[in-house]
Number of protein chains: 2
Amino acid sequence: MILPGLAAKYQANLLDSVIPFWVRHSVDWEQGGYFTCLDREGNVYDPRKYVWLQGRQIWMFSRMYNQVEQRPEWLKIAEHGMRFLLQHARDAQGRYYFRLARDGSPSFFQRKPYSAVFAVMALAEYARTGAGPEYRDAAVSLFWQVVEWIRNPALLGREALPGQPSFRSLADSIVIAKMALEIADFDTDTRISALMGTCLDEALLHHEPTRDILLEFRGGGPNARLFPEGRLFNPGHSVEAAWLLWLLAEKTGRTGDLPIIERVLEGSLTFGWDSEYGGLCYFMDIENRPLLQLEASMKLWWPHAEALYAAVLAYARKKDQRWLTWLERIDEYSFRNFDDPDFGEWFGYRDRQGNLTHSLKGNHYKGCFHAPRALLLSWKTLEAA
Amino acid sequence: MILPGLAAKYQANLLDSVIPFWVRHSVDWEQGGYFTCLDREGNVYDPRKYVWLQGRQIWMFSRMYNQVEQRPEWLKIAEHGMRFLLQHARDAQGRYYFRLARDGSPSFFQRKPYSAVFAVMALAEYARTGAGPEYRDAAVSLFWQVVEWIRNPALLGREALPGQPSFRSLADSIVIAKMALEIADFDTDTRISALMGTCLDEALLHHEPTRDILLEFRGGGPNARLFPEGRLFNPGHSVEAAWLLWLLAEKTGRTGDLPIIERVLEGSLTFGWDSEYGGLCYFMDIENRPLLQLEASMKLWWPHAEALYAAVLAYARKKDQRWLTWLERIDEYSFRNFDDPDFGEWFGYRDRQGNLTHSLKGNHYKGCFHAPRALLLSWKTLEAA
């Protein structure tokens, strides 16, 4: 009885609260694309268009259309975002901006590949709505371009300098896994399954065996632990990586990796959970040394959204009571702190003790993505379990 | 009796707590320069050298030597930092890195002029220790280079994009004022006093008359208030700008500007003070709309250090009871929240309610600067009052 109840709860939160918020408030029908800087009630407080969040929302509405119901409204919103993205998000060299003016003219370029990562996801899921094969081909070709940018950051203007330890980020493995899972079914290129294997191997190199967590950075040489990067643990990333790797291991038939992935998920939740005030910490130093990030002790919505689905997945696969215990704990914390029944969508930011620090629903990094994705994946996984 | 008591308190905090912390823990006698990532007790948790803070500490120890006492130890520490800065901080084009490895090899380049700003201050104050005229000349020539970088950010790789409103930052006026006040006495160039006048005019263009504050950005066109930048108020910056402009107005004989500068100082403290929990807010939106900065509601040490000296200066000049009231309020909040009698130097970061979020004494932005500068300036100003 617990599982159908949770499935219905997540379905209702997704369909009656989260998606309607973005349908009502985010679409800029006048100048194209999506507003994401929306206050609690949905009013726009910055009209610019943030490219990560354009791609993520196209992906989300395409996915809703593909997996929930073929509502013309959802497809129209996805199309609307896709048109804006294709028309405005790229510079002459094919690199993606971070921020555009309301009308689409370029406003800021970030020396990172993530705008393009979410464009790959958008193109891939949009292709499955019945859009032409050109979207599928564009997704695959941009995917390989992003892999190249990740391997060689100097291509985006971020030269490697000789004095910096050669850290590799878990975020890079996460985004490659995300993209690869999106385009794997197109089966256009045998290199993709090979890359999924490499991605799994590389992500597991982040494993820190004492606590069974994935560290945020690997490499960095024998003195890596002298640096904050070498000691950094981001519980939300570690948990998100765990469920992505779980799906990747299933997809590639590497079921022998599942036990360590399950241990990483449990270790990340256990070490990342704030035993005093509840919730997942944002950043931690594994030696409990100082952190450079001022927001380190805050509680953010997205690690909880990722943890919710990760616990659902683990429970659906293992049917083990301890996963149900984690699921109930994360569900209780998340809905108590982030759900907003009055105006829809989730709050994003609380301090360590749980005081709301920002009442906004979206900004330059929070859009229509983590909460609705977790709700959709959790609902569908519980329904199928 | 109040003023001598406060002067003695600031002198003691500077000489017995703050400066000894940096003398004991920050100097890397083995590989040069200063560590600044120091935990509460002074242990190094990141051995890299952050260039803003190299320049700031050279300035501070030179200033101590020049204005407090000619202690050979202080000069030796300043020399030690200067050698490292000159040897390692610049690239082949003369631009300054943001971060160096412990041994000085380059580790990160930030597309901003601030590393060089603090190098100008370091060179200028170090020149006054009796170092050769080449330091004075280097300060002046780097000063003009930085002014050029501020006017044309594309020179540092930050191309202006057509979709971004043309905001001008108060930080730019603040740093030009800081540098100009340092090199004005060298009197090498009549353009400097002209530039100080321009700087005063430009900073006052940030004035928001309803609240008598300086907004963080000006320009941005008729729709500037649609953007978070156009509504942003940074109380610490506004207060720091107020005392710098006060000194600039005195220096340039523009005493007619003093009344508005005094009003700005009072307005910034009044609007920036958290009436519920005390202390100066870090970031505010003047229309009370959402803020993009996650740390917006935190309480940081540096706005309080700046406010302390600003209130001292205003009281010393005006002898008005309301300035003494502000001074006592800021002094009480600062010493209760940031002073650390056990291990020296000030704490840096609390949440809105006043809980300590970070016990560190230094990081990549906090070094030997705001607290000791405010203490030295306040002590000397009160003593002379």
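Colleague: Is Arg63(A) buried or exposed?

Modeller: Arg63(A) is buried, with a relative accessible area of 11%. Buried means under 20% relative accessible area, exposed over 50%, and partly exposed in between (1.4 Å probe, protein chains only).

Colleague: What should I know about the model and the numbering?

Modeller: This is a predicted model, where local features need pLDDT of at least 70 and side-chain atom pairs count only at pLDDT 80 or more, while totals for chains, interfaces and linings use all residues. Residues are numbered from 1 along each chain as its sequence is written, chains are lettered from A and ligands numbered from 1 in the order in which they are written, and side-chain values use heavy atoms, with hydrogens and water left out.

Colleague: Back to Arg63(A). Which side chain does Arg63(A) meet in a salt bridge?

Modeller: That of Glu125(A), at 3.1 Å, N to O. A salt bridge is a side-chain nitrogen of Lys or Arg within 4 Å of a carboxyl oxygen of Asp or Glu. The pair links distant parts of the chain, 62 residues apart: Glu125(A) is in helix H4 (residues 114–127) and Arg63(A) in helix H2 (residues 51–67) of chain A. Helices (H or I, at least four residues) and strands (E, at least two) are DSSP runs, numbered from the N terminus.

Colleague: And is Glu125(A) buried or exposed?

Modeller: Glu125(A) is buried, with a relative accessible area of 2%.

Colleague: How many salt bridges are there over all chains?

Modeller: A search of the whole structure finds 78. One of them joins Asp274(A) and Arg352(A), with the closest N and O atoms 2.8 Å apart. Asp274(A) is buried at 3%, whereas Arg352(A) is partly exposed at 29%.

Colleague: Which residues are linked in a network of salt bridges?

Modeller: Glu262(A), Glu266(A), Lys318(A), Asp320(A) and Arg322(A). In chain B, the side chains of Arg322(B) and Glu262(B) meet in a salt bridge at 2.8 Å, N to O.

Colleague: New topic. How many residues of chain B are in contact with chain A?

Modeller: 48 residues of chain B, against 49 of chain A; contact means heavy atoms within 4.5 Å.

Colleague: What area is buried between chain B and chain A?

Modeller: About 3700 Å², of which carbon and sulfur atoms give 59%. Buried area is the accessible area (1.4 Å probe) that two parts lose on being put together, summed over both. In chain B, Tyr45(B), Leu292(B) and Leu294(B) lose the most area to chain A, together 19% of what that side buries.

Colleague: How many salt bridges are found across that interface?

Modeller: Four. Arg48(B) forms a salt bridge with Glu229(A), the closest N and O atoms being 2.6 Å apart.
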